[in-house]
Amino acid sequence: MTAAVAYAAAPAAAVPCPETPRASTGARPRTGGGLRVRVPLRLVVGAQYRDAALSVYIKIAALAVRPEGCTAKVSVLAEYLGLSKSVAERGLKDLANPDEVDGLVEVVTTRRTLRGGRGQSAHRVVRTAAEDEHFVWVPVRAADALTPRLLRLYALIAYAEARNVPLSVGDLGGMLYHHTGKKAGQHLGDRQAARLLEELGSTGWITVHARQGLQGRHAYETHRHPVHSVVQAPAAAPDIHDGSGADDHAGSLASREDQQTDRPVTSGGCGGIRRRRDAGSSAQGHGEKRSNSSGGTYRGPGLQLSPRVWQVLEPVRPELPSISPYVLRRIGQEIGRQLSAGVGMERLTARLTARYSRLTAHAPATENARRGDVGRWILGAGLPRHGCRLDSCESGTTWSTGERCHLCANIAEGERLAALAAEQLLAAAPRPEPPAPVRPPTTWLPMPPPPDPGPEPPGPAEREQLRAAATPETVRQALAEHGAPTAIRLYGRALVLPHLTDPEHDGGTTA
């Protein structure tokens, strides 16, 4: 049962909303994670709303906590959220216009003008929610820190966690949509949902408990603040808490008319788009140097690998300093791909440990080769799965039970029987007598004509037609006239083999 199905099927009385005049009514004190905003679930699961609409709604609802409501301009809202002004305007357009599904307007906008005719920033408040309307609590800090798509994914997981609804990657991929391009309106799918989950987990806003949910699903736990610090880019702003304060100390009166503001101040003045993603941070001391087009040396940011990747690479940690950053990045991408596909860290670590131990067992003979190309050995031999087409097969053994894989056992038995049948066929086939030695003639004599090589071998199409029309009489006739090798080339082993062991045929040849 997915979160969207639960939202549609749950009774109205399951999630009561006794007080919903405006966002300030449900505001929580700034303790244990900061201000939270109650977001209508229709904004989270509705395909008619862009991802940016959710971020803009949360920021407007947080600023509307003040008695005078939200008076921030669109450019100011974009600065808070780290978005461009055009993206913020498109998200606000979805909220301010009547919804195409039920005609609701989520954000009520009132234009304002001073007595002298000079315009002011618009006044905005959020719609009053119905008492039986489903909703989800989202921290304002999440809207400031996460991209719109990751914020929507966070809200989906938070609602499912509050309602105790089990989730799968497919469920989440079916509730996220493309909003631009040729795939506009289509679901993202499992692969992109898994990538977004991994990215959201790296930010610390959720914790993924692998295979600890219902029927082997992953269990997801949301947090009101990141559980670990995320390194910001050099151009990023300092921590400004929620960006929307409920008291006088952290106030966020975000408009040009309001003098108190917590917008980030840079060397070039207020404003600018805040970088949302860090360009990379140093991890384990692996740096990179790249040359740009002008010939200078670019000392880029250090290589960053997640803790899960380092845990998988623990068996080969002594070899890592000799691997180039490019190859090490490819190794990290391959490990991340397998982890996203459902392969656990324990299985990857055990696989790498076993193969590396076999490699180091012959260290005196392979020391130079192993040291020179260990990175490519990890990519080509250490990490790939060996086994049959079953995902549970690990080098011929079922990973969950430790028993031999039944499919690999069947394949090996079939190969053994085929080899045994071939040996029996070769043993039963008559062996030609060695030719008599040719004595040189005392006088010149004409050479005898060469022996008849038999019929010309047919082509593939003719061979198929010949075998389709073959009868036991024609096969026995070919055996008597041309011998077993030629008959096998014409009709195949399956048709000729029964006649080689036929007593009637044996009697005919001996006579």
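## Helices and strands

The protein chain holds 20 helices and 12 strands. Both are DSSP runs numbered from the N terminus: helices are H or I with at least four residues, and strands are E with at least two. This is a predicted model, in which local features need pLDDT of at least 70 and side-chain atom pairs count only at pLDDT 80 or more, while totals for chains, interfaces and linings use all residues. Residues are numbered from 1 along each chain as its sequence is written, and side-chain values use heavy atoms, with hydrogens and water left out.

## The chain as a whole

Of the 511 residues in the protein chain, 39% are buried (under 20% relative accessible area, with a 1.4 Å probe and protein chains only). The chain exposes about 29,300 Å², and carbon and sulfur atoms supply 54% of that area (Shrake-Rupley method, 1.4 Å probe).

Among contacts with a separation of 6 or more, 61% join residues 24 or more positions apart. A contact means heavy atoms within 4.5 Å.

Strand S1 covers residues 36–40; it is largely enclosed by the rest of the structure because 5 of its 5 residues are buried. Arg 36, Arg 38 and Pro 40 lie on one side of S1, Val 37 and Val 39 on the other.

S1 pairs with strand S4 (residues 135–139) in the antiparallel sense, over 5 bridges; pairing requires that DSSP finds at least two bridges between two strands. Trp 137 in S4 is the bridge partner of Arg 38.

In S4, too, 5 of the 5 residues are buried, so S4 is largely enclosed by the rest of the structure. Phe 135, Trp 137 and Pro 139 point one way from S4, and Val 136 and Val 138 point the other way.

Methods
Buried means under 20% relative accessible area, exposed over 50%, partly exposed in between (1.4 Å probe, protein chains only).
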